[in-house]
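Welcome, and thanks for taking a look at this one. Here is a short briefing to read alongside the coordinates.

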Amino acid sequence: VWSEEDRREVQSRLDEFAARRGLQGARVRFGPDRLDVEVPRRLQVEQVMALQEWLDSEREALDVSQVP
């Protein structure tokens, strides 16, 4: 469903975002129709909100409605 190129691109964007927000080590997990993010530690409320905004922007960048 997700190409290897899609996976690398999304993880690369997450790595850039994570470095700015103190979320190093965050990993994207790809489901059949969704993206999940795992962060290896507890998050502050501001980090959760920023991560949600990042996921929203990724949803717009990757049209998951087209995923079979």
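Is glutamine 11 buried or exposed? In this predicted model, glutamine 11 has a relative accessible area of 13%, and because the cut-off for buried is under 20%, glutamine 11 counts as buried.

**Glutamine 11**
- You will find glutamine 11 in helix α1.
- Setting aside residues up to four places away in sequence, glutamine 11 touches Ala26, Arg27 and Val28.

**Glutamine 47**
- Glutamine 47 sits in helix α2, which covers residues 45–61.
- Glutamine 47 has a relative accessibility of 14%, so it is counted as buried too.
- A polar atom of the glutamine 47 side chain lies 3.3 Å from the backbone oxygen of glycine 22.
- Apart from neighbours within four places in sequence, the contacts of glutamine 47 are Arg21, Gly22, Leu23 and Arg42.

**The largest nonpolar core**
- In soluble globular proteins, nonpolar side chains tend to be buried together.
- Here, the largest nonpolar core has 15 residues, and Val10, Leu14, Phe17, Val28 and Leu35 are those with the most contacts inside it.
- Two or more residues of this core come from each of α1 (4–21), β1 (27–30) and α2.
- Helix α1 gives the largest share of the core, with four residues.

**Leucine 35**
- Leaving out neighbours within four places in sequence, leucine 35 is in contact with Trp2, Val10, Val28, Arg29, Phe30, Leu55, Glu58 and Leu62.
- Among these partners, Val10 and Val28 are also listed with the most contacts inside the core.

Terms used: Residues are numbered from 1 along each chain as its sequence is written. This is a predicted model: local features need pLDDT of at least 70, side-chain atom pairs count only at pLDDT 80 or more; totals for chains, interfaces and linings use all residues. Side-chain values use heavy atoms; hydrogens and water are left out. Buried means under 20% relative accessible area, exposed over 50%, partly exposed in between (1.4 Å probe, protein chains only). A polar contact is a pair of N or O atoms within 3.5 Å; within protein, one must be able to donate a hydrogen and the other to accept it, and residues adjacent in sequence count only if both atoms are side-chain atoms. Contact means heavy atoms within 4.5 Å. A nonpolar core is a set of buried Ala, Val, Leu, Ile, Met, Phe, Trp, Tyr and Cys residues joined through side-chain atoms within 4.5 Å.
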